[in-house]
Each structure stands twice: as structure tokens, then as C-alpha cells.
4 protein chains.
Amino acid sequence: MAASLQKSALSPSGDRELLLQRFGEARARTTELTAPLSTEDQTIQSMPDVSPTKWHLAHTTWFFETFVLASAIRDYTPFDARFGYLFNSYYEAEGPRHPRPERGLISRPSLEEVHDWRAHVDEAVQHLAQSIDQRGWRKLRPTLELGLQHEQQHQELILMDIKHVLSRNPLLPSYGAVARKNAEARPPSLRWLSFPGGLYAIGSDHDEFAFDNEGPSHRVWLEPFRLASRLATNREFLAFIDDGGYRRAKFWLSEGWQVVQHHKWEAPLYWGGEAGARMLFTLGGERPLDPDEPVSHVSYYEADAFARWSGKRLPREDEWEIAARHAPTEGHFASSGEFHPRPASGDGLTQMFGDLWEWTSSAYAAYPGFRPAAGALGEYNGKFMCGQFVLRGGAAVTPGAHVRASYRNFYPPGARWAFSGTRLADDDA
Amino acid sequence: MAASLQKSALSPSGDRELLLQRFGEARARTTELTAPLSTEDQTIQSMPDVSPTKWHLAHTTWFFETFVLASAIRDYTPFDARFGYLFNSYYEAEGPRHPRPERGLISRPSLEEVHDWRAHVDEAVQHLAQSIDQRGWRKLRPTLELGLQHEQQHQELILMDIKHVLSRNPLLPSYGAVARKNAEARPPSLRWLSFPGGLYAIGSDHDEFAFDNEGPSHRVWLEPFRLASRLATNREFLAFIDDGGYRRAKFWLSEGWQVVQHHKWEAPLYWGGEAGARMLFTLGGERPLDPDEPVSHVSYYEADAFARWSGKRLPREDEWEIAARHAPTEGHFASSGEFHPRPASGDGLTQMFGDLWEWTSSAYAAYPGFRPAAGALGEYNGKFMCGQFVLRGGAAVTPGAHVRASYRNFYPPGARWAFSGTRLADDDA
Amino acid sequence: MAASLQKSALSPSGDRELLLQRFGEARARTTELTAPLSTEDQTIQSMPDVSPTKWHLAHTTWFFETFVLASAIRDYTPFDARFGYLFNSYYEAEGPRHPRPERGLISRPSLEEVHDWRAHVDEAVQHLAQSIDQRGWRKLRPTLELGLQHEQQHQELILMDIKHVLSRNPLLPSYGAVARKNAEARPPSLRWLSFPGGLYAIGSDHDEFAFDNEGPSHRVWLEPFRLASRLATNREFLAFIDDGGYRRAKFWLSEGWQVVQHHKWEAPLYWGGEAGARMLFTLGGERPLDPDEPVSHVSYYEADAFARWSGKRLPREDEWEIAARHAPTEGHFASSGEFHPRPASGDGLTQMFGDLWEWTSSAYAAYPGFRPAAGALGEYNGKFMCGQFVLRGGAAVTPGAHVRASYRNFYPPGARWAFSGTRLADDDA
Amino acid sequence: MAASLQKSALSPSGDRELLLQRFGEARARTTELTAPLSTEDQTIQSMPDVSPTKWHLAHTTWFFETFVLASAIRDYTPFDARFGYLFNSYYEAEGPRHPRPERGLISRPSLEEVHDWRAHVDEAVQHLAQSIDQRGWRKLRPTLELGLQHEQQHQELILMDIKHVLSRNPLLPSYGAVARKNAEARPPSLRWLSFPGGLYAIGSDHDEFAFDNEGPSHRVWLEPFRLASRLATNREFLAFIDDGGYRRAKFWLSEGWQVVQHHKWEAPLYWGGEAGARMLFTLGGERPLDPDEPVSHVSYYEADAFARWSGKRLPREDEWEIAARHAPTEGHFASSGEFHPRPASGDGLTQMFGDLWEWTSSAYAAYPGFRPAAGALGEYNGKFMCGQFVLRGGAAVTPGAHVRASYRNFYPPGARWAFSGTRLADDDA
């Protein structure tokens, strides 16, 4: 989560109003996303990986208070000195913190107090940014930008997490009024698009904002490869299931097979009902499974097993990034208010951005020449480079302005609560 | 929780108004106890043994709806048919139910809806009881009485459970405005009271209300014994700690010693601070430990180890019951609004009722001739007769009208979140 | 395991030869029981509760070296000073010890070295006992007797434990040549024998050897009761299974029902095959289940559920002890070499001693006036008085001379690897 | 473990005697390595990752019986049909198998029977290979070669595993007479060797034997890099420890830091004693820690943390492989009989082969164009490509003929019982 400070993408003076406007919008958007939720909804932690909505509201505020206000204002007095312990996520350099699995035990401060804190910090940030001199602004600007990007990440997490919370309630309640697009024609059949091999540069050179883990830009050699024109669909995944996909070890990584057996997985997360009458839990409540929609909430293990069963493989992250340069960055993002992937439509390489994060076969690792950002802000990305896989492209719960071709998301191979899907790849021999 | 129906303690007709008045008071008291709590407070489950306040409010309502309304009214339509699954506690005969450790995952129905449900059921019960014929009333009355006793049990559980919930918050918040009695003179020094041996009858003959596990009345042979005149104090327990009580295996049951080491216990639950500056978390927040108060929130293991260290033992439950007949049933109960035990005062056998439940060395087991009540209501007591120990006398969070000399509470030996204390006993050789 | 020293049952001088002869026989019998086993068999620990055969051989030797030789001989030099750490079982007073679950990790000392140690200690004990003066002998004799009783306990444990070890091998190997009695006539049908209520004395007064937990003798009041004339059979238990015994919560203690579901129990331990072709693993290998044999290797939970299903209950330990005074102490013990219970035969109260240990409904607790023996030897019995139930009467793997009417064995309610069975009881109203 | 069959490295006819001679030597070497061990030593499984020596002896035999004899001989009758279930490691295609964590529960077949089985299979393989026609030989030869390589892998595993078994015995016994080289001069100080960037081919083209995961040969782009001239030493690692290495989160991967805290790691595996008097457990028993020896038995987490503390990084596997082409493949391997790494000596790039496996920062993944071998033999490598890191170069317990520059070993990041060490790398900016 630490922005590279080497080359800042932010334009010179004059950008202050623009950034503060984006800051205000981002903060307001977070609050807006929590509006359909009751106080109780916002209190619950349904598993250690999930955080309560209230925690997200507080943690993002802590981020601005700690890294913007407290670092820029001498003798800054925090809103409540006890909140640092409660709402630090994992910044070891910022001192001890409340254990992650216990975030659901915190009834106080109340949701109302957290909103008061948000308003207090927002006002203080606006005041600071408007009153600081130009030298101070140059120092403040990257951290403010980073906080804004961080805020957007938590907007997605709020939706991911509350979906899991609501799914654990036997009543299967809806998050609230969720937009729904009318069904269209059946999605185009899957086609294969070829990309030539050669020496490519991938990664961000930080001309515009990018997290530190996206750089530095560096050369890679690729052999010719092919990518599927769209995400794999529920219909295709059902064929895998019907062919015994979850009962035949030969398709699975050894570790994945153990997970399947231990958790008795028989379908992706959020699937309900039975063969012939499959249901899907969404943020709009439970619906009949639409076979034309992309299959969602699959783990890396399932994506990989499906690819093997298909006689294909998952893309590598550099293949994905090279191909993505040929795709429009528009896509179906959180702004639609649907919070659910749509069936594919259109020609060429579709759904590269939005709809669902796409698992790649690349373990999340440092790029050659990677250096974490300095200080506490450098803790985010580097220290998770172990045991996770890269996902690319954003999802229907991601703020559209947040992703780009070089963006690297990452989750452990067994995680399924992210909005994750599958695009097939192949060698182009 | 199933009342013996053999002999009802309730007087003949004419008692209808009285019982309905007690019903109304009990239901109102439950609501009153939750008034200081925020919606968030009432949502949280801090460990599998603890239930959210909202769950208690709903479960007690489910009890009246299921065992009173639905069993007396033909074709009764429940307020919400889905609530049975969510708020059945453990009555297997009433069908499948939501797993206990997941009670904290239920944000909906909302607290407000639960209160609506309560009001709806209360009104329906009142209406039913006033309109039913005398034959129906005779059948209804014991279940209504049982529901009322059950309601009182959950009043205590609400206080016990929320204390644990609040204690897990690093801010150590207070439950609300809690009454506090001014400090008195130091409690009287401990004296030993002797009781002769012989053949005694213990247990309830159900002339007045009693749970099924309190009967039948039966004969036991006791050898002469002695009881301490009051509960053990924090001062006495500190001497045990200072003498290495938690570090010397010789005082402990083998299983208790394992628990001490596994959980790294060094003091009773809710103790904070350090030697010389001990603190105690109470429903009124954290306070300096008062050495004159009875030691509270000890497990059976700790009570037993303390007794061995003292060269004494814990009382057997029949010894306790025989002695309790010599004590006034008045005591310090929940009506004081203090929700915390007081230092002992007075002469003779004190603190037998109220202040703290007293661990006995008796494993919780069926009395000779015990028969569980018929139907789902018979599930409560019999099926827990394994691995638990009996506690007697009630505590400062117990409704005073709820306990009696024959009352048998029970918890596993490692439980500490109940308001449990220790009275020493000895053979009278 | 600590003998009461108050009144020793051993006769005055002149008994030295007799005791040494019994000592020699007991030690030789232990070795004899291990003769059919390979070195590998004797190395393995199949679960934390089980100890390797080699460990039993060593631990019993450590007992004599520590409590007899080292306490009687000034400056005694142990055979190997490192063995104390490895082969102390749970005597905290004797210092730190190797963790129980890791007994199967000890390949050295070798089995051969352990046998050398046994021979060395046996000779030293014989020499000491023959050369010590009469005053020393009076002090030595009770510990020697206790060691001998302890040796016998481990003879049974060796058979219990190796049965479990062998059962975990998919080849289901036999312990060795095991005697087998020819099938007899079908066992007599179950009859009910009545016993009058009244004031009884139970427990040992230590006129002959008894463990400390068997005393002191004390009075109890019993109501009239009935006992089944024999143990419950596999045929009767099959009827319970066929009636859905393992699938219906209503028969089970709450804790037992959780265990059944967690471990997916569907039959007693060591049952194999399927309905219609049931098999039973024995120390002689796997055999077709004989419906006339007593049902064995049931947990307390299963014995209790079976009793509830039968409309009866388990006996209390004092009921059992009173009844046992009317039964012959002969029975089917380890000396037959069958190591497996036989079908009942004969009239009256049969199978009270031998065949299988009988679960009682009595939690294992201290008798009134109980005082543990002094020193390390007092650690055995008192510290396990929590969470266990008493079993009575001995089994087909118990040395016949080891049990008596007052003998109290005990296991946790979920334990099944002991040779445990079920006798029904009832109130005699 | 599946050899690529595309291009076999084995020369045409005439190589039969040579291969059979190598087969005989490899099989004899395995037996020779177990000679110092007692039957008990060979029975024990000290953790799920470890297999008993007897299991290794049996499993390698099962491999030849299943993949060589049973696939080449029509109606082959196995030595014992029940052994397939017991000694299959993880080949799902070969049917169900005994769970890995229960390998230590198998006392029978005895060690002697396993040796009989080995002799039987060895003879049958020799007979088959000598009598089969040339066409059959061409088919048999790659599988025989693969079995031989597999045998060599298990020779190393036998030493790794028994070291762990012996280390869990408080007596810290020695494996047996282990050779010991006299101390030499202090190792040369660490130098940095530079390698130019560019487009390289790495991986095996299978001109000689290689496992399937080593290929296909493919192009990679590398930036200029530097490698340390030797492995990191105990002296260097002690400096890390003394600087608070195990207590400061900033050096650690997030997951590694959790492991450190959970397991309370304070030093590499097999370190004993205390600061100032450090000891090291080796296959020759416990010795004072030699600061000049390479640090061994470190996890990936520790290697990575040490590298960060050093201001450096671990090498990528392709960097290592390119550099290794400049180093002699001679090294200190198992043939020395020392089974322990030596201090570095000599100039240039030393210790690349032998002494210790070297952690790389490369997650174990498929090379571009990788295809698993067909059939059951294809199960080995592909299905473990998740959650593991690549190690290179072999160790002092590896058969020298077994490794090569393209050889890819792999372990999860928390594994420490392999003979693993650390070489630092850096960018050459």
C-alpha cells in the first residue's frame, strides 16, 4: 500500500484543489456505501479475514490521522488517543495493535463516534491541505494520494466483507437496494486471442500513481501465448462440476485437494441449492444461478483445477499485463451499483477490467529491483510476498478509477471471499 | 429448565392475576436490564459460551411463543416462522437450530424487530391467559411459571455475558451507571460453624416451584462437617497467589494444572494490573481490587486448589443445602443494582444466598429417582449431567426471587465467567 | 495408586518370602505378556493416551528404582540417571518429565537395554529385601506391595494399549497366539435382581491392600434398586444401533451427542464390517462379531445412551459395590490367556468380576474423609478426581488377584480403549 | 519425480549392464545407510513430514515393484498384495493409500520382512532387465533410471528424517559413527561475484536425465546481479540473532513473523545451549556450534529475514542456475560420510554444489511450456507447484551424482528439517 515516492505522478502546483476534491469524494463514497447497513450489520466479523464495516470506517480514518495529520502537524493531538491501538491494521512500526480476529468484539466506540471521528479528521485534513505552504504540500501530497488510494481499497473490502457477513445469516438478507441490469443476449462464445512472444517491459514506471509493488518497470521475455476472450462462465464451471471436478484428484494441486476434502467443497463460495436448481447468494440476496454470468468467488485451487480440466492453464501475470494493453480500461465497476459481474458482451478481448479479479499463476513476488517504500508505509506490500497469488483487473465492487494494467492484487490460494474469477490461457505453439 | 409437573406449587384458581403480574414484571425487567447497552453491545458474542444480549431477548420470547402460545393455540401463526431456527437454544425435539458459536453473526432481525416480537408475544400471552378456560389454565399455568423462571435465568445470563463482552474491549467500558455501596468496616474474620452428621432429606418435594433436577426429595447420610462463616476474600486469595498458588502443581487437580499452564492463568478472571496495584474489571468498569470483597470469577479448579492450599476442602452440595436451612434466604441480589458482590457482614452463617455462586465438590448428577420432565421441556437438565459441578446460592446478578436452598446451578470446572466464588468446608472430626 | 498406610493388610514378619515370591512372579508375568510382540510393536504410541510397551516395561522399573531402591538405600546410584526424566509418568514431586504424547519418539534406550534395567532392578530389590533389617522391612513392605499392585495395573495397560496400536495397522494383525474358548450355549436371558435400600457401609477399611481412593469405609444411604443379572450383549447393542441409537439425540448426554457427531461414531470401538456382516477386532485379530458376547469398548456416553434407550439406567458405584458382595470374586480374568470377554453363563448375579469393567453413573470423587497418601505416592488418585467416571469389577485383561469389591477404576466419559462394558440398573420402586 | 520421456539421456543398447550395476549400487547404498540404526530407530515418525526409515526402505521397493515389475510383467503377482496400500506415497492414480501422518503406526510388516521384500524385488528387477527383449528394454529403461533417481532422493530423506527423529529424544543420541574432518583454517571472507544481465536459456533440455520440472529449457531475461562467494556462516547468523533478529518484526515476512511468534523460534533448528555456549545437534550427536560452518536448517523465513537484515536479498533460481554454470559440480556430498556441511574453502564461487541446499526467492512454479509426464509418474512435480520455494545445489546428505545445475528441490517456507542454508545475492546496479 505504499506508493513509490521516486517519481510522483502528481502534477506540480495547482493540483491542490483537485486532490482535495477527490479526497472529499472518496471519503463521502465510503460513507455512502455503508448507508444501507444497520448498526448491527456494521459490527460483525464473520471470520478472521473479514473486518466489520465500522472497523473499515475507523481504520481509514486512522490512516489519515496517523500518516497525514500526525506527521505534518507538530504536537498533533489525536481525536482519541486510544483509537490507534484499536484501528491500526498491521503497521508494526506504528506500535502494538488489537489482534485482527478480535475486531468483531469492539462495540465501543460506537458507530456514531466513528462517524464523528471521520468528520473531525476530514475537516482537519482539508484545513491542513489548504493552509500548508508549498514545501509542506509537496511532502504531504503523496501521502494524501496514498491515503485516497487506500480509502478506495477499503471501499471494495467493505463490500466483500459485508457480503460474507450477510451470507452467514441463515436468513440470507440483502445488503440493500442493489441495481440489476436486464438480461441480454447470451454471451459470445469463447474465442482465443494470440499474442506474440518477445522481450517486453512490464510494471509501472510511476509516471502516474502506482503502489510500490507495481514497479520498477523491467524487462521480461515471453513466449507466444493465447488468452480466452472472456471470463469462464457458470455454465462452463457447471460442466466441470458435472464431470466430477470436485471429486477427482487428478485436476487438483496437492494442497488444493486437501482443502477440498477438508472443507468438503463441492461448488464455489456462495452457491446454494442443488444440481438442477442452483442458487447464488449476491449482495442483492439469493437468486437462481445465471449460467451466463462469469463464475465468481473461486479460489486459486478451483481456478487452477478448472483450467487443468479444460486442458488449458491460467495466465501468468506478465502475459495478462501485456494483453491488457490491448484492452480498454473501461469495464463494469462499482459505480454501476450492481456489485455483481455481468455476462460478457462485445468483441475482442473483453472483461479484462472490472467484473471479476482474474487469478494468475504467478506467485506474488518482488519485481527485480523492487525496494519497499521507507518507514511504516513500506510495510504493506513487501511483507506479504510469500504464499499468495496475483490477481489482475479489478471487479464489479472495485472503484473504476482505482485499477490499471500494472495493478497487482494478491490473495492466498484458498481465499474465496474476494470477487475472483477465471480466464483461461494457453501456450501458442 | 423443566419444572416438575408432579406436584405444582401454584395455588388453585385465583392465582391467574398474580402470575400474569409476575410475568409482566419479569419481561419488563429483562428489557430494563438491556437499557444501558448500545445496539452494538447487544450484537456481540465474545466466546462460544456467551450469547449476544439480542439473542437472549429473542430466545426468551421464542420460549413463550413455542411452549405457551403454539402449544395452547390451535394453528398458531408465529410472528416470523424463521425465528424458530435462529433462537432455539438446544431443544433437539424442537428441530434443527442455528449453531451456538454463530449467534454473534446474526445482524438481522434487528434489535428493534426483536423488541417488536417481544411486545407481540407478551400481549398474546396476556390475552391467552386471560381468555382461556379453567381447564386450559391448569395446563398452561406450569409452563407459564417455567417460562418466567427461564426468563429470570436469562436476566442473570445477560449480565454475565455482557460483562465478558465488555471485558474483551481494550477500552474496558462500563455497562452503565452501576450502584455502588459505600465501604463498610472490614468484614468479620472467618469462623467455622459445625453441623452434625446423620440421615437427612435433601432436594425439593415440589411443594413450590422447583426445576426437575432439584428433586425428588431423598435421604442422604452425612458425616459431621464444618462450613466457613463467609466466602473467601480477595485478601485470602492473594495470599494463595503470593505463596505461588498458580505455579505449584501440588495444589491442583491434574486437569486443572493443564488448564492453568495452557491458558497461562495467574489470577482469577477479570483481574488486571500487577502485584501491588491489582485492578478488577466490574460491570461498573475497572476498579482497584478491594481485598475485603469475596474473590469472584474463579473456576472450580481454582476454588479447589485454593481449598487444598488452605488445608480444607469445598463443601458437598448436600452439606451446603443442609446448612442453608439455617441461613436467611435474604442476601445481596440483582435488585441492588450493584451487580457485584459485597464484603461480608454480620454474624453466623453469612453470604449463603446472593453475592456469589458457591462451587461445591459435587459433580452434577441425577438424584436417586430423578425422571426428566416429558417432551422438549425435559431436555434441559438431564442431558447436562456429565462433566459439570454444582454451584449453590445465587449471586449479585441473580434475581432474588429465583433461588432457594435446593437450587442447583452447574458449570464445567474450567468456567470462570459466571459470578462464582468459594466457601471453605471441612470434616468435623 | 498410593496405598493407604494407616492399616497395612500385610501380616507381620515371616511374610518376606511370600511377598518376594509375588514380586518375582509379577515382574516375570509382565515380561511374559510382551513375549509375542516384536521390537517394532513395543515402540509405537498410537495416541496420547496409549504408551508403548517398552515404556510400560521401563516405567514400572523406574517405580521400583525410585520408590523402593532410591528411598531405602543411601546414595543409591541409578542404573542410568537419564531414565528418570524419560520414564516418570506424572509424579510432579519427582521432578520434570518427558511429555506423555512423545513417548513414541524414544527409540533409545533400546528394548534390550530396558530388559537389562529390569533385571538389574529386580535383583537389587530382591537383595535389598532379603538383607534389610526388620525395622527397614516394615517401612519397605508397603511400598513394595504398592509397586507390585502398580505392576499389575500396567500388565492390563500393556494389553489395552497394544490392542489399540495393532488396531491402527490396516493389516489388523494379531497380538499373538490367543486362547479361544469353544462356543457354548446361548447365554441366559437377562433377569433382574433386587436389592433392599438402607444404610450401608462401603469402601475399604484397609484390612487388606487397597488403594487410597477406596477408603475410608463410610456409610451411605441407598434406596432399593435392581441390577441386571449379566452384562449387556452385542445382540442387545445391535438392537440399539438398528433402532437409530447413534442418530437420535434424545438418548444422549449433550456432550456425548457432540462427540458422536464430531467423531462420526456409529458403533463401539473395534467394530468393523457392515450391518449384516459385522466384524470385531480382538487381540487375536479380526473375527465375526459374536452377538452373545458382552458389548465391549463402549464409552460412558454409549453405555449411558444404551441405558436410556433401554428405559433403564447405569448403576451407581455404591449400588454396584453392595451387590458385588453377593457375587463370587471369581471371574474371567487375564489368566485364561483369552484377553476377550466370554458370553455369560450360570445363574444369579454373573460377570460382576472379570470379563469387562462396568461403567457406573458415579463421577469419580473423594469419599468422605479421604486423605491422599503422603509424598509423591499420594499424587495418583486424588488429582484425577474431576471429569471421570468410576468403573468396577475388572476385565478379561485384568490380573485376577488385582481386583476386589471396593476397587475403583476410572476413565473420562469418552474413553473407549479400556475393556469397558455395560450392566443395566433400575430403581426398585 | 517423473522423468521427461521426450529425449532420453541414456545411450543406446550396451548400457544395460551399466544401468543394472548402478541400480544394484543404489539399492545397496540405501541399505548401508540404515545399518547404524536399531529396529526401533527405523520405526518412528517424529512429525507428519518425516517418514520412518522402514517406510523409506519399503516405499522405494514398492516403486520398483509397481512401476517396473508390475507394468512390464503380465499378471505379475506382488510380494504381498497388501503392501501397495501401505507404501504408496501420494500417487492418487495408484489407488487409495495409508495416510502419511500414520506411517509411524505400522509395526508390521517387520523390518526383516521389508528387507526380504527388497531382496525379492531387486532380484526380480535384475532378472527382468537381463531377460527382456530390446524393445521391452527401451520402454523399461527410463522407468528404471527414474526409480534409481527416486532411490537416491530417499537416501537423502532417510538421513534428514532420522536426524529429526533422533533430535526428539532427550538423550540426543548419535546416528552412529560419523566421519569428522579436522578443522581447517578459518574460511575465506565473503566476496561478491558479478554476473552480467541479458537473455539466457535455463532449464534442462533432457539430453541427460532430468526430472520433468527441470524443463523445458527456455529463455529468461536477467538484469545484472551479484552472488556471495560462499554460504552464510553461523558466525554471521549469530550476529543477526545478537542484533535482535528474532525479535524485530521489520526483517520478516508477515507470515514468517507469525511463525516465529507461534513457535517461539529463537534460533535455527537443532541449535541448543545458550548465548555464549551454543550447541548444535548433528547426526554425530550434539557438538559445540562451530562459527565457521555454514548456518544450516534455516527456514525460508529465516533465510529471507537474514538477507533483509544484511541489506541484501536471496538469489532467484535462474540467477543461481546461470552462476552455477561457472562453478565446479564437485562439492561436499554424502559420500564423505560426514553428513554435515563443512566450512568454505577455496577461491571464486564456492559451495554451490553440496554442503547445503540454498534457498532461492523463487516460488516453485511450472516453467513455460511445462507438461507433466503421463500417467501416475506425472503426479510428482506438477501437483506441488503451490506454496513452496525452490532450493538449489544439494547438500552434505545428497548423493553427489544426483544433482546438477538445473536440479530444482522445493520445500514450504516454514520447513527446517531439510539441510538448507543461505547464500546472499544482490542487484548489480
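Buried area is the accessible area that two parts lose on being put together, summed over both. Keep that in mind for this predicted model.

Start with chains A and D. They bury about 2,300 Å² between them. Of that, 56% is on carbon and sulfur atoms. Which residues of chain A lose the most area to chain D? A:Arg219, A:Trp221 and A:Cys386 do, together 24% of what that side buries.

Now the contacts. On chain A, 30 residues are in contact with 30 residues of chain D. Four salt bridges are counted between the two chains. One of them joins A:Asp427 to D:Arg371, with the closest N and O atoms 3.8 Å apart. Strand 3 (218-222), helix 7 (254-263), helix 8 (300-309) and strand 12 (425-427) of chain A each give two or more residues to this side. By class, the side has 17 nonpolar, three polar and ten charged residues.

Last, one residue in chain B. B:His340 sits in the loop between helix 9 (317-324) and strand 8 (357-363). Is B:His340 buried or exposed? Buried, because its relative accessible area is 4%, and the cut-off is under 20%. Its side chain makes a polar contact of 2.7 Å with that of B:Glu293. B:His340 also touches other residues, including B:Leu280, B:Arg287 and B:His332.

Definitions and conventions
Residues are numbered from 1 along each chain as its sequence is written. Chains are lettered from A and ligands numbered from 1 in the order in which they are written. This is a predicted model: local features need pLDDT of at least 70, side-chain atom pairs count only at pLDDT 80 or more; totals for chains, interfaces and linings use all residues. Side-chain values use heavy atoms; hydrogens and water are left out. Helices (H or I, at least four residues) and strands (E, at least two) are DSSP runs, numbered from the N terminus. Buried means under 20% relative accessible area, exposed over 50%, partly exposed in between (1.4 Å probe, protein chains only). Contact means heavy atoms within 4.5 Å. A polar contact is a pair of N or O atoms within 3.5 Å; within protein, one must be able to donate a hydrogen and the other to accept it, and residues adjacent in sequence count only if both atoms are side-chain atoms. Buried area is the accessible area (1.4 Å probe) that two parts lose on being put together, summed over both. A salt bridge is a side-chain nitrogen of Lys or Arg within 4 Å of a carboxyl oxygen of Asp or Glu. Ala, Val, Leu, Ile, Met, Phe, Trp, Tyr, Cys and Pro count as nonpolar, Asp, Glu, Lys and Arg as charged, and the others, Gly among them, as polar. Lists of a residue's contacts leave out its neighbours within four places in sequence.
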